Structures are given as structure tokens and as C-alpha cells.
Amino acid sequence: MFTLPKLLYSYADLEPYIDARTMEIHYSKHHQTYVDKLNLALKDHDELSKKTVEELLISLESIPKEIQTAVRNNGGGHYNHSFFWKVMKPKGGGESNGILSPIIDKELGGFINFHDKFTSEALNRFGSGWTWLSLDENKHLKIHSTANQDSPLLEGLKPILALDLWEHAYYLHYQNRRADYIKSWWHVVNWEQVEQNYLDATR
Ligand code: MN
């Protein structure tokens, strides 16, 4: 059985950038629903239930057709949200200034260029989805988006930073102002975790 991961901060800790009510509903309702639906999809598939959600997504093609879409959407939702909570923290933000910094300089033309390109990608993501910084098959940084709850793992990419662009992530506080949400979100990015994700992905 899959379960909600423990949140490493309180609902109100990301204020004023992300409000407590949004965090509470997003984590305890939306994320919980993905977990519940993933468990429901796998209830008659004991072997698959023993796998990690990463393993399920990486080998999605080998999953029985009748539950593939449910695993893609709800396994993706579970994986993406578990990942998202960790790349945020109270008093986060600023710039990466560890191991990732020279790589962002070299591959993405510096932090400001990276910031602007990622923001632009997020603004242009039409409808519900996510914007990511991932590592491609050559271990190079790639800014990209996915639709719905599709995970970069489905495309053979390894995510290191994620931004949720579903309206449920910001609508209560920001309503239609996605640009303001994105601008605020940069203040809570957990760069230590992003750098750890980079190290894990390059290992
Ligand atoms: Mn979400």
C-alpha cells in the first residue's frame, strides 16, 4: 500500500508565498486522492504493489493495459507531489550556490537565464501540468513541461526540480494569477534538496 509521505514542514510554513489552506488541501486532499486511487488500481496486482512508484512509472509499458492509465495518472500524481513537497522549504529561495551553480552557468547560461527560461516555460504550460528541471539521458540539464500528472520518468528523464501548475496549487490565494504564484514560488525553493537530487540523478 502506498501512503502519503510525511511533510517536513507545517502547512503555514511556506507563507506568505504559499498559504496554509492551499497547502492543507493540496497535501491532505489532492495528494491523498492520488495515493488512494493508485492503491485501488493495484488492489488485484500484488506483484506491482511491491514495487516503488518510480519503478512503476519507469516500466509503465509493462503494466497491464487495463490499469496503465490509472497508474500513469495516479502513480504520477503520487510521485510528482512527493517530489514537489521536498523541493520547497520555509526560508528557501535565492540561488543555487553549491555543486549545481557552475553547471547552471555552463549549460543554461547562468542563474538568471535559467530562472527566466523556467518561468517562461511555466507560464506557457497550457492547462494543467508541471514544469521541471531534469537531467536528460546525457546527464545534461533540461527545462521542460509535462501535461496532467505525467512524470519526467516516463520520458527517461530524471527530475531535480518541479513546479506544480495545476490550479489546485494556487487558485485559492492567487486565483487566475499564475504569474504571481510562479514568482512567489521561487522564494520557497529548497536548493539543498535540488542539489541532492542532482547528485542522486548523476550517480
Ligand atoms: Mn498538485
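This is a predicted model: local features need pLDDT of at least 70, side-chain atom pairs count only at pLDDT 80 or more; totals for chains, interfaces and linings use all residues.

I looked up Asn80 and found it buried, with a relative accessible area of 0% (buried means under 20% relative accessible area, exposed over 50%, partly exposed in between, using a 1.4 Å probe and protein chains only). Asn80 sits in helix 4; helices here are DSSP runs of H or I with at least four residues, strands are E runs of at least two, and both are numbered from the N terminus.

Residues are numbered from 1 along each chain as its sequence is written, and side-chain values use heavy atoms, with hydrogens and water left out.

Next, the largest pocket. I read off about 460 Å³ of space in it. For the terms, a 1 Å grid is laid over the protein atoms alone: a cavity is a set of points where a 1.4 Å probe fits but cannot get out, a pocket is an open set with protein on both sides within 12 Å along at least five of seven lines, and lining residues have an atom within 4 Å of a point. Points are joined across faces, edges and corners, and a volume is the space filled by probe spheres set on them.

Which residues lie nearest the centre of the largest pocket? They are Glu54, Tyr79, Phe83, Lys86 and Asn197, out of 20 lining residues. Helix 3 (53-58), helix 4 (65-86), strand 3 (158-164) and helix 9 (191-202) each supply at least two residues of that lining. Helix 4 has the largest share, with six. By class I got 10 nonpolar, five polar and five charged (Ala, Val, Leu, Ile, Met, Phe, Trp, Tyr, Cys and Pro count as nonpolar, Asp, Glu, Lys and Arg as charged, the others, Gly among them, as polar).

Where does the largest pocket lie? Domain 1 (19-86) and domain 2 (100-202) both give residues to its lining, so the pocket is between them. The domain bounds come from an automatic or database domain assignment.

I found one cavity of 30 Å³ or more, and the largest cavity has a volume of about 30 Å³. Its lining is Glu95, Ser96, Ser101, Ile104, Asp105 and Phe111, with helix 5 (residues 101-108) giving the most, three residues.

On to helix 1 (residues 20-41). Its 22 residues at 1.5 Å each should span 32 Å, and the end C-alpha atoms are 31 Å apart, which agrees (expected span is 1.5 Å times one less than the number of residues). I still noted a kink of about 30° centred on His26; the bend is the angle between axes fitted to the seven residues ending at a residue and the seven starting there. His26 is also one of the buried residues of helix 1, including Tyr27 and His31.

Glu15 and Pro16 are joined by a cis peptide bond, omega about 5°, and Pro16 lies in the segment before helix 1. Asn148 is not a glycine but has a positive phi of about 55°; I placed it in the loop between strand 2 (141-147) and strand 3, partly exposed at 41% relative accessible area. Gln175 also has a positive phi, near 50°, in the loop between helix 7 (171-174) and helix 8 (178-185), and counts as partly exposed at 31%.
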